[in-house]
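Please look through the sequence and the fold before reading the points below.

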Amino acid sequence: MTFEAIEARGVEWLLEQLRDELTGRTYKPLPARRQEIPKDGGKFRILSIPAIRDRVVQGALKLILEPVFEADFQPGSFGYRPKRAAHDAIKRVAKAVVQRKTRILDFDLKAYFDNVRHDRLLENVAQRIDDADIMHLLKIMLKASGKKGLPQGGVISPLLSNLYLNEVDRMLEREREVTRSGKYTYVEYARFADDLVA
């Protein structure tokens, strides 16, 4: 459905339909529209754009889950988080360089969104969320995008990608603390999305 069609029938109609489907557990996400975005070297990034109705449901689920997991995320994680931006990550790296932390490792996780394992992601969510309806909803959303991976273009995908990488962030934060000498550390890191500088 287009925005125009939804507005013609009334937004309330869509919201009531979604509410009934969600409470009756009959909601099924529609297949996402795939769009190829050109990258360097003749390669393409595949965006999976959910239908409007599915974006509404994902947005509502994100509003529920984000505050829970935001409390667990590490200080060096900057990608797709409220009140954090790429400029903040750059400032953190620049401050580290001024403090003579000049050996730099730059990681880019290849095809990261395509390779997220649903079973591990759901295990991570279940550690903090004890609600069968939310877990069911998340599971069917993930299944709609295939056997593994997160749809780049989904409203909830950035939050889930941060959750999946949170253990890596914890490991790097521990490494940072191990090198602490008074108020100084010898290691610093900053992660923005699936790019990491340490």
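1. In strand 2, the residue bridged to R33 is I49. This is a predicted model, in which local features need pLDDT of at least 70 and side-chain atom pairs count only at pLDDT 80 or more, while totals for chains, interfaces and linings use all residues. Residues are numbered from 1 along each chain as its sequence is written, and side-chain values use heavy atoms, with hydrogens and water left out.

2. Strand 1 (residues 33–38) and strand 2 (residues 44–49) run antiparallel and are joined by 6 bridges; strands (E, at least two residues) and helices (H or I, at least four) are DSSP runs numbered from the N terminus, and two strands pair if DSSP finds at least two bridges between them. The two strands form a hairpin with 5 residues between them, and G41 in the turn has a positive phi of about 75°. Strand 1 is hardly covered, since the count of buried residues among its 6 residues is 0; buried means under 20% relative accessible area, exposed over 50%, and partly exposed in between (1.4 Å probe, protein chains only).

3. The structure holds 2 cavities of 30 Å³ or more. On a 1 Å grid over the protein atoms alone, a cavity is a set of points where a 1.4 Å probe fits but cannot get out, whereas a pocket is an open set with protein on both sides within 12 Å along at least five of seven lines, and lining residues have an atom within 4 Å of a point. Grid points are joined across faces, edges and corners, and a volume is the space filled by probe spheres set on the points.

4. Leaving aside residues up to four places away in sequence, D54 touches Y27, P29 and L30, where contact means heavy atoms within 4.5 Å.

5. The second largest cavity has a volume of about 60 Å³, and its lining includes Q58, M141 and P151. Helix 6 and helix 7 (157–178) are the elements that give two or more residues to this lining, with helix 6 giving the most, 3 residues. By class, the lining of the second largest cavity has 7 nonpolar, 3 polar and no charged residues.

6. The second largest pocket has a volume of about 320 Å³. Of its 18 lining residues, L22, T23, V57, D133 and L137 are the closest to its centre, and the elements giving two or more residues are helix 2 (11–23), helix 3 and helix 6. The lining of this pocket divides into 12 nonpolar, 2 polar and 4 charged residues.

7. In helix 5 (residues 118–126), the residues H118, L121, L122 and V125 are buried. Seen down the axis of helix 5, its buried residues fall within an arc of 95°, so they line one face of the helix; the arc is that of the directions from the helix axis to the C-beta atoms. Helix 3, helix 6 and helix 7 are among what covers the buried residues of helix 5.

Terms used. Nonpolar A, V, L, I, M, F, W, Y, C, P; charged D, E, K, R; others polar.
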